[in-house]
Amino acid sequence: MSFRIGYGYDSHEFKAGVPLVIGGVSLEHTHGLAGHSDGDVLLHAITDALLGAVAAGDIGSFFPPSDPRWKGANSAVFLAEAMRQIALAGFRVVNVDTTMILAAPKIVPHAARLRKRVAELLNVAPGCVGIKAKTPEGTGTENAAIAHAVVLLESIQLETMLQEAEAEVDSELSVMRAGDGEGVQ
Ligand code: MG
């Protein structure tokens, strides 16, 4: 079995009057995140981490901001493409860990919801998704939300080989059982 790590980073500026979406979850707040898509900074960082782990480029190479198709897009679509790319490369997600840096809103009260939604999108258990947040504290980034993400992937080849071997044994057994049946008759 082989493993890969991936790292992703993203930032978006806060903007009044737009909905705030983080980790695929809508959060009540005075400001949302500006961006060509829904501005989901956390899903963008995770998407880049997944693509980076299999050297498949970055979110911009699949979904260029210049393309009007992605205006206001649900960022779960971007993450789904990254999941397709890692599967094509023969990998699946083991776990992901993230840290966001933003002045507000507080993420801790929403962390369980975010963890559950991100876990669904990554096809892992919520216990495999780390969601953490810090305040900017002297970085001067109060008007932005920043997200860092690291992912660990494992190869699916071994499991696939085992499943194929198991299927072969099953079919041989069923042929033998069919043969037994004939014998009884
Ligand atoms: Mg982004």
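Modeller: Two strands pair if DSSP finds at least two bridges between them. The model discussed here is predicted.

Colleague: In which sense do strand β5 and strand β7 pair?

Modeller: Strands of a sheet pair through backbone hydrogen bonds, either parallel or antiparallel. Strand β5 covers residues 91-101 and strand β7 covers residues 144-155, with 10 bridges in their pairing. The sense of the β5 and β7 pairing is antiparallel.

Colleague: Which are the edge strands of the open sheet?

Modeller: The open sheet has 5 strands with mixed pairing, in the order β4-β1-β7-β5-β6. An edge strand pairs on one side only. The edge strands are β4 (31-33) and β6 (129-134).

Colleague: What does the twist average from one strand to the next?

Modeller: The twist is taken along the order β4-β1-β7-β5-β6, from one strand to the next. Its average is 25°.

Colleague: Across which strands does helix α4 lie?

Modeller: Helix α3 (residues 76-88) lies across β5 and β7, at about 140° to β5. Helix α4 (residues 111-122) runs at about 140° to β6. The strands that α4 lies across are β5 and β6.

Colleague: How many residues of the lining of the largest pocket are charged?

Modeller: The largest pocket has a volume of about 220 Å³ and is lined by 15 residues. Ser-37, His-44, Ile-59, Phe-63 and Pro-65 lie nearest its centre, and β1 (3-16), α1 (41-53) and α2 (59-62) each supply at least two lining residues. The lining has 7 nonpolar and 6 polar residues, and the number of charged residues is 2.

Technical notes: Residues are numbered from 1 along each chain as its sequence is written. This is a predicted model: local features need pLDDT of at least 70, side-chain atom pairs count only at pLDDT 80 or more; totals for chains, interfaces and linings use all residues. Side-chain values use heavy atoms; hydrogens and water are left out. On a 1 Å grid over the protein atoms alone, a cavity is a set of points where a 1.4 Å probe fits but cannot get out, and a pocket is an open set with protein on both sides within 12 Å along at least five of seven lines; lining residues have an atom within 4 Å of a point. Grid points are joined across faces, edges and corners, and a volume is the space filled by probe spheres set on the points. Helices (H or I, at least four residues) and strands (E, at least two) are DSSP runs, numbered from the N terminus. Ala, Val, Leu, Ile, Met, Phe, Trp, Tyr, Cys and Pro count as nonpolar, Asp, Glu, Lys and Arg as charged, and the others, Gly among them, as polar. Axes are lines fitted to C-alpha atoms, for helices over the stretch in contact, and angles run from 0 to 180 degrees between N-to-C directions. Contact means heavy atoms within 4.5 Å.
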